[in-house]
Amino acid sequence: MVKTNRNMTLTLLITTHNSLSQAVHTTLKDRGYKIDIVYAINKTQMIKEIKSFNPKIILCPFLKSYIPKEIYENYPTFVFHPAPRSDRGAYSLDYAVFNEEKEWGGVWLRANELYDGGDIYASSSFKMRKSYKASIYRQEMVRVATSTLNELFYNIEKNISIPQILNPIHKPFTQKMRAINWQKDTTDKIVKKIYASDSLEGVRDNILGVECYLFGVWREDRLKGEPKKILAKRDGAICLGTIDGAIWITHLKEIGGFKLPATYVLKDKIKGVKEDRLPLLFDKSYSTFYETSVEYRDNVAYLSFNFHNGAMSTAQCIRLKYAVEYLKEQCEVLVLVGGVDFFSNGIHLNILEDSKKQGEDGWANINAMNDLIKSIIFADEVVTIASFAKNAGAGGVFLGLACDFVVACEGVVFNPHYKTLGLTGSEYHTYSLPKRVGKEMARELLDNCLPISAKFAKEIGVVDKLFSYNNYYEELHQFAKSSFSDDFIWDKQEYLEENIDRIEELKEREIAIMYPEFWEKDSSFHKLRREFVYKICPTKTPKRLKLYNT
């Protein structure tokens with residue numbers, strides 16, 4: 001039996017610090033636990049780091065590798081498995097999506113010599129959405145992992161558990177099972193296969209002679225053609241015919257390469273394919289691929305920008321700026337909604353890595369981002385609100401902070417920093433962040449390079465309003481529609497008129513510092529970006545993650 005309390009020392013043993021582990025990390029930090037993080041790189045390193053900290057309990061929210069018995073025999077170790085009781089092995093969520101399970105769940109189980117075979121100390125379930133694997137993981141699975149922490153600690157202390165049902169371990173979900181038969185598979189079956197494979201490991205195929213993996217599938221209602229024939233392209237995506245319709249594929253990854261918009265991978269091979277354009281703000285009147293859309297309710301316009309993984313290219317920033325400029329004339333309150341899985345994560349690193357003019361294209365990307373943010377800051381005839389219903393990182397955080405008000409959903413995680421990629425950052429952050437939290441806290445957030453919870457963000461002033469997950473969008477709307485007043489607009493206009501030169505000067509200083517980071521060949525940004533894009537495994541736990549609550 002382990003006596004638990006809020007001052008207890010915990011280690012998070014993880015493969016990498018992903019969305020789920022960050023959610024667990026920030027939740028525990030908010031509760032006052034002393035937390036150390038260890039990357040599972042090799043047996044000797046894991047044991048050494050864990051012994052050095054000597055935690056009372058080890059939690060493994062995201063771990064792909066085997067746990068040595070020297071660890072789980074000496075420390076109570078609990079693994080989060082993204083599946084309900086009786087399910088064992090890797091590929092659990094792949095099978096759940098592919099089999100179109102109606103209900104799924106997750107468990108915290110105690111590590112032992114059996115693969116996913118230990119006793120279960122906490123669990124929860126949810127109704128499955130029809131969506132792709134990564135989205136289910138980032139949303140429902142994250143909520144399961146964090147919402148069961150109280151149950152987990154209580155049951156650890158009271159030694160309450162139920163045995164795992166030792167069903168056979170899953171067989172690997174192979175590429176043979178994922179493979180598309182374009183002459184036989186219906187649109188529904190193709191969508192299901194890609195959903196079950198997104199974001200890892202993708203569906204392997206050959207498109208116009210390019211061996212690659214497919215990601216980001218959307219149904220298409222209007223276009224039709226021969227199976228696998230490329231019918232159109234739009235905003236980086238390609239439309240392919242199926243035996244009963246068509247689909248859009250937004251991203252491809254060449255064998256040995258990294259994920260890019262499909263048109264970037266195919267390049268000249270699709271030179272003659274027509275560009276099937278949509279209005280800047282699509283009305284969602286039929287099924288197709290789109291990135292920017294708007295919904296109106298009362299005096300409020302809700303602007304969605306569903307960019308893949310929250311990355312924003314130069315072209316996407318420009319389109320979003322045009323959307324903001326247009327909507328400023330159509331409403332009293334403009335709410336930036338972001339996308340299905342992320343609000344925004346800033347500039348598009350994969351496209352920059354692919355570029356033959358990395359300095360030039362990086363410079364264009366950050367300036368396009370700044371132009372977008374300028375249009376938000378100086379939108380002086382409307383109230384602007386950032387709705388952080390999903391996670392945000394780097395410049396994506398500061399995109400939201402450009403708004404008059406910032407609203408967040410409980411459970412959201414922010415990464416308000418740049419330095420892990422060798423950048424100092426722009427996006428007017430030297431204006432918007434100190435304005436909200438003060439210079440000292442702003443510097444601390446930028447230097448520590450740690451994730452923070454929406455709850456903590458509210459406490460320090462990054463966020464104005466924090467709403468519950470269950471009623472988030474209704475609470476958001478009630479706040480939004482009541483936020484407009486003539487007095488507020490007059491005060492805003494007066495403030496901006498008085499401060500325009502100072503605001504622009506701060507941005508110019510940011511850009512001056514960033515210039516060599518993009519253009520100089522020995523800039524650390526190029527090396528760190530490459531490691532990020534190619535998902536190069538670290539050789540040690542990052543020092544910034546060795547900081548813990550005191």
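Which residues does phenylalanine 414 touch, not counting residues up to four places away in sequence? In this predicted model, phenylalanine 414 touches Phe388, Ala392, Val397, Ala408, Leu450, Pro451, Ile452, Ser453, Ala454, Ala457 and Val463, with residues up to four places away in sequence left out of the list.

**Nonpolar cores**

Phenylalanine 414 belongs to the largest nonpolar core, which has 108 residues, and together with Leu214, Leu303 and Ile385 it is among those that touch the most other members. Another core, of 45 residues, lies apart from that one, and its members include Leu10, Val97, Phe153 and Val413. In soluble globular proteins, nonpolar side chains tend to be buried together.

**A nonpolar patch on the surface**

Some nonpolar side chains are found on the surface instead: Leu280, Tyr296, Ile318, Tyr322 and Tyr326 form a nonpolar patch there, with about 490 Å² of accessible area together. Helix α10, which spans residues 314–327, supplies the largest share of this patch, namely three residues. Isoleucine 318 has its place in helix α10, and because its relative accessibility is 36%, it counts as partly exposed.

**Salt bridges**

Side chains of opposite charge can pair when their charged atoms come close.

| Pair | N to O distance |
|---|---|
| Lysine 43 and glutamate 70 | 3.2 Å |
| Arginine 129 and glutamate 140 | 2.7 Å |
| Aspartate 341 and arginine 138 | 3.7 Å |

In the salt bridge between lysine 43 and glutamate 70, lysine 43 lies in helix α2 (residues 43–53) and glutamate 70 in helix α3 (residues 69–72), so the pair ties together parts that are 27 residues apart in sequence. Both ends are partly exposed, lysine 43 with a relative accessible area of 45% and glutamate 70 with one of 32%.

The salt bridge between arginine 129 and glutamate 140 links distant parts of the chain, 11 residues apart, with arginine 129 in the loop between β6 (120–127) and α5 (133–147) and glutamate 140 in helix α5. Here arginine 129 is partly exposed, with a relative accessible area of 30%, whereas glutamate 140 is buried, with a relative accessible area of 8%.

Helix α5 also holds arginine 138, whose partner aspartate 341 is in the loop between β15 (333–338) and β16 (342–344), 203 residues apart from it. Aspartate 341 counts as buried because its relative accessibility is 7%.

**Cysteines**

How many disulfides does the model contain? The count comes to zero. A disulfide is a covalent bond between the sulfur atoms of two cysteines, and the cut-off applied here is a sulfur pair within 2.5 Å. For cysteine 60, the closest cysteine sulfur belongs to cysteine 537 and is 17 Å away, which is too far for a bond. Cysteine 60 is itself buried, with a relative accessible area of 1%. Cysteine 239 is likewise in no disulfide, since the nearest cysteine sulfur, that of cysteine 212, is 16 Å away and a disulfide is a pair within 2.5 Å. Cysteine 239 counts as buried, with a relative accessibility of 0%.

How values were computed: Residues are numbered from 1 along each chain as its sequence is written. This is a predicted model: local features need pLDDT of at least 70, side-chain atom pairs count only at pLDDT 80 or more; totals for chains, interfaces and linings use all residues. Side-chain values use heavy atoms; hydrogens and water are left out. Patches are made of residues with over 30% relative accessible area and no salt bridge: like charges are joined within 9 Å, nonpolar side chains (Val, Leu, Ile, Met, Phe, Trp, Tyr) within 5 Å. Accessible areas come from the Shrake-Rupley method with a 1.4 Å probe; for residues, only the protein chains shown count as cover. A salt bridge is a side-chain nitrogen of Lys or Arg within 4 Å of a carboxyl oxygen of Asp or Glu. Helices (H or I, at least four residues) and strands (E, at least two) are DSSP runs, numbered from the N terminus. Buried means under 20% relative accessible area, exposed over 50%, partly exposed in between (1.4 Å probe, protein chains only). A nonpolar core is a set of buried Ala, Val, Leu, Ile, Met, Phe, Trp, Tyr and Cys residues joined through side-chain atoms within 4.5 Å. Contact means heavy atoms within 4.5 Å.
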